[in-house]
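Have the structure open as you read.

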Amino acid sequence: MSPPGVLVPGPFGIDPLVWVVLRLLIAVLLVVGLIFNGALLQILMERKLQAWAQDRVGPYHVGPWGLLQTFADALKLIGKEDVRSRFTDAAFFLTAPAITFTPMVAAWVVIPFAPGVQGIDINIGLLYLSSLGAMGVLGIVIAGWASNNKYSLIGGLRSAGQLISYEVPQILSLVTVVLLAGSLQLTKIATAQPGLQLNLFILPAAFLTYFIAALAETNRTPFDLPEAESELVAGYLTEYSGMRWGTFLALTEYGNVTIVSSIMTTLWLGGWNGPLVDQAPILGVLWFTLKVYVIIVAFMWIRLTLPRFRIDQLMNFCWKVLIPLTLTNLFVTATLKVALPAPWDLIAIGILNWGLVAAFIVLIPRLQRRRLERLRERLRTERERTLAPTA
Amino acid sequence: MPDYNLSYFYVFVFFAVGAFVVGALMTVSRIIAPRRPTPEKLRPYESGEEPIGQAWGRYPIHFYVFALLFVVFDVEVIFLFPWAVIFASLGWYGIVEMGVFIAILVVGLVYAWKKDALSWY
Amino acid sequence: MTEVQPYVEIQTPQGVEDELVTEELILNLGPQHPSTHGVLRLVLRLHGERIVECLPVMGYLHRGLEKIYENRTYEGGIRYADQADYVAVMLNEWAYALATEACAEIEVPRRAEFLRTIVGELSRASAHLVWLGTYLLDLGATTPILWCFRDREQILDMFEEICGSRFNHNYYRPGGLLYDFPPGLLSKLERFIDRWEKNIDEYRELIEGNEIFLERTVGIGVFDSKTAIAYGIGGPMLRATGVPHDLRVDRPYSIYPELKSMKPVTAQDGDAFSRYQVRLGEMKLVVALVRECLDKLPGGPVRARVGHVFKAKPNEVYFPIEGAKGEIGYYMISKGGPNPFRAKMRGASFCNLQLLPTLLRGRLVADAIAILGSIDIVLGEVDR
């Protein structure tokens with residue numbers, strides 16, 4: 001693999017300078033195509049999956065098996081009136097979708113689909129991705145504020161609270177992986193997991209915490225409070241309509257889901273690594289896409305199973321469970337890595353991480369049940385006290 | 001180093017493309033979509049009722065506490081990134097240094113927790 | 001284009017304009033809102049996201065049902081009783097029919113009583129299914145509502161076979177029922193009951209095994225039995241506070257005294273989770289009751305010999321029955337004419353709704369939805 005980004009001659013003896021421009025053009029076209037097609041495909045997939053879980057058919061009429069449904073929806077959105085309330089803050093209201101959409105597009109530049117099939121392999125790729133993730137929050141908060149609508153405002157404040165809180169465990173989980181890989185460059189992290197030595201097996205606790213935080217960062221159920229339909233109508237999206245809404249919700253949300261899934265694939269699932277990749281490097285793209293879509297389906301599965309958190313529970317879960325857990329994980333991983341020699345450190349870290357995962361899965365429900373039991377006990381005694389005089 | 005410049009040129013181009021795509025979508029939508037505003041349509045939506053009082057007011061201070069906590073912790077994790085990259089060469093020294101650094105922040109977290117700053121209003 | 005004010009001005013308290021005080025937000029939840037279950041409007045005064053005060057505003061669905069009864073014959077009123085609680089339709093008709101029969105002193109054939117019990121209980125089941133699905137939807141889960149509606153559809157299909165209509169059945173008549181069950185329906189009903197009993201366990205597994213659901217419902221919207229009685233609340237809401245009060249047992253009507261499986265379902269804590277438990281338990285109870293009715297079903301006519309238009313002697317009755325949401329009853333005065341002089345409906349949802357402002361004080365907006373969903377109101381019954 002050639003060091004990426006350097007002026008190299010392209011295939012068929014194309015001049016290096018021309019190749020740089022050509023490559024950029026191809027990358028841009030591919031990414032824009034991927035974002036649009038990804039959104040179209042994922043929405044259809046989600047609706048079909050949901051239909052399947054809920055004993056119904058789902059989109060059926062547009063195109064064969066309803067395959068063109070989302071395409072028709074997109075056309076409808078573009079042709080729909082863009083209603084803007086007269087009392088909004090015009091400048092912010094109009095730019096807010098762009099503020100969330102642009103970082104999402106920019107994040108695609110570092111996603112490593114396969115060796116060489118990547119926009120650019122900057123050496124601080126992971127830091128770049130996390131900083132872009134933080135930028136998306138701005139657009140949502142701005143949209144909530146600029147709408148001059150109380151639902152939007154509450155949605156915006158919620159998202160501010162939620163997204164910035166979950167950023168911390170998200171980044172802490174990433175740092176844990178960086179500890180093992182020793183680099184922020186995405187290709188290096190991917191190549192640091194040869195064969196079955198996936199980070200998923202070594203650092204499952206970090207994967208779990210990142211997965212949960214990623215659900216929160218992309219506003220997916222059970223963390224979809226900023227746009228909680230049953231409470232806030234549509235949260236920060238309430239005043240948006242037409243394609244502005246489409247950009248916000250459909251394109252950005254699904255684009256972000258794809259990006260966090262790609263990050264998980266690269267960091268924990270070995271990126272493009274898979275059988276036969278050494279013989280045919282282009283297979284890497286296939287493996288990568290497959291892994292990404294497995295995670296996306298997991299996202300959808302969670303969406304159709306779980307109800308929504310309440311905002312204070314969400315905050316408690318982040319600050320009182322996830323952050324201590326990720327901090328502990330990080331610190332213990334670092335200590336073990338320094339303390340033990342080469343093959344043993346990974347094994348020790350793995351055992352410890354699986355232990356953390358098991359503790360998380362076993363303890364959290366148990367603690368919760370015990371807490372609720374105590375709550376009921378308290379309610380019962382309180383009630384007995386109030387009912388005592390008449391009884 | 002020309003390499004870095006090239007990298008960031010790509011990044012810059014992608015940002016520009018993102019903004020351009022949004023602009024293009026809006027323009028297309030503006031050209032083909034109808035525009036028939038009515039006074040009721042242009043009022044902020046509040047479940048079909050006339051809003052009472054406006055949305056732009058002063059909210060409780062508690063929301064800002066989260067922002068402050070976030071700044072503290074986000075800066076912390078940004079410091080963790082470079083540490084994580086070179087930590088293998090730092091050895092025990094790096095661990096202890098970072099332990100002290102995190103410990104100070106954890107004390108802050110515990111303080112905020114005890115002060116009830118982590119509950120939502 | 002005319003000028004529109006963006007909002008109604010509210011007066012700032014005197015002397016605080018320049019001080020740094022937190023402003024309270026006044027938020028309208030409804031009438032056009034996804035989870036106020038119809039056209040209820042809640043005016044919430046918020047401090048941040050905490051509710052300081054809640055004012056329910058209703059009447060958006062008022063159709064003057066009680067006045068309409070006065071201008072219709074006794075039989076013609078049934079069709080309007082449908083529109084009160086439009087989720088548990090048969091139970092409204094039943095209450096109206098029982099009040100009419102008590103007023104005009106009509107005897108109902110035995111087979112009709114059994115069939116009435118079966119469709120009434122199925123109607124209760126369909127109301128609880130709607131409640132369960134929408135409640136989970138209020139809490140953010142999308143799947144249970146479709147599972148519940150899948151089963152409810154089958155109940156509605158059977159109702160369609162019985163009386164030709166899925167929603168406003170118009171099936172009960174003073175003195176019996178419009179038709180007997182069509183051939184083949186009883187075996188279909190048995191099959192449905194067997195299948196549905198398994199599905200109830202499926203709901204239970206999906207919902208109760210979920211930590212987030214428990215977190216959202218346990219200890220939320222708590223009130224004790226004393227408050228419930230003081231507010232005139234009955235039905236599942238009262239039974240969730242531990243009082244085994246059920247009109248089917250305590251003030252029996254129709255054939256309920258004969259049914260052995262009729263036992264009130266209660267829960268202890270009086271919170272949203274207890275109400276969920278009671279309603280799920282009542283679904284199981286419906287299964288048992290319908291089974292028992294099917295076993296004991298006698299033959300004979302389904303309608304007493306009463307004309308379509310009849311006159312009742314001057315009389316004054318109140319007949320309450322156990323509705324899906326609490327006690328529903330009709331207070332009927334006749335002055336000897338072919339239509340009631342006055343028919344007043346007691347709606348359970350209305351009484352349940354009264355408790356809402358007390359329950360919401362000091363809670364978060366998200367809880368407002370969880371509590372409103374758990375007290376189970378239907379605006380058709382509130383506004384009438």
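C:Ile321 has C:Ile328 as its bridge partner in β7(C). One more pair to look at is C:Phe319, which sits opposite C:Tyr330 of β7(C). This is a predicted model, where local features need pLDDT of at least 70, side-chain atom pairs count only at pLDDT 80 or more, and totals for chains, interfaces and linings use all residues. For finding your way around, residues are numbered from 1 along each chain as its sequence is written, while chains are lettered from A and ligands numbered from 1 in the order in which they are written.

Strands here are DSSP runs of E with at least two residues, helices are runs of H or I with at least four residues, and both are numbered from the N terminus. Two strands count as paired if DSSP finds at least two bridges between them. β6(C) and β7(C) make a hairpin with four residues between them, and C:Gly326 in that turn has a positive phi of about 145°.

What is the strand order in this open sheet of three strands? Reading across, the order is β6-β7-β8 in chain C, with antiparallel pairing. The edges are taken by β6 (315-322) and β8 (342-346) of chain C, each with a single partner strand, so one side of each has no neighbour in the sheet. On average, neighbouring strands of this sheet are turned by 10° against each other, direction ignored. Helix α3 (residues 89-104) of chain C packs on the sheet and touches β6 and β7 of chain C, with its direction at about 150° to that of β6(C). Axes are lines fitted to C-alpha atoms, for helices over the stretch in contact, and angles run from 0 to 180 degrees between N-to-C directions. As for "in contact", two residues qualify if their C-beta atoms, placed from the backbone, lie within 7 Å.

Now for chain C as a whole. Its secondary structure comes to 15 helices and eight strands. The radius of gyration of chain C is 22 Å, close to the 21 Å that the globule rule gives for 384 residues, so chain C is as compact as a globular protein of that length. (That radius is taken over C-alpha atoms, and the globule rule is 2.2 Å times the number of residues to the power 0.38.) Along the principal axes, the C-alpha atoms of chain C fill a box of roughly 80 × 50 × 45 Å. Of the contacts in chain C with a separation of 6 or more, 69% are between residues 24 or more positions apart. Buried residues account for 53% of the 384 residues in chain C. A residue is buried if 20 or more other C-beta atoms lie within 10 Å of its own, exposed if 12 or fewer, and partly exposed in between, with C-beta atoms placed from the backbone.

| Residue | C-beta neighbours inside 10 Å | Class |
|---|---|---|
| A:Asn148 | 21 | buried |
| C:Gln268 | 14 | partly exposed |
| C:Glu105 | 10 | exposed |

C:Gln268 lies in the loop between α10 (247-250) and α11 (272-296) of chain C. Neighbours within four places in sequence aside, C:Gln268 is in contact with C:Gly242 and C:Ser274. The C-alpha atoms of C:Gln268 and C:Gly242 are separated by 4.5 Å, although the two are 26 residues apart along the chain.

Most residues other than glycine have a negative phi. A:Asn148, not a glycine, has a positive phi of about 55°, and its place is in the loop between α4 (125-146) and α5 of chain A. C:Glu105, also not a glycine, has a positive phi of about 55°, and is found in the loop between α3 and α4 (110-138) of chain C.

Over in chain A, the domain assignment gives domain 1 (12-79) and domain 2 (85-359); such bounds come from an automatic or database domain assignment. The centres of the two domains, taken over C-alpha atoms, are 21 Å apart.
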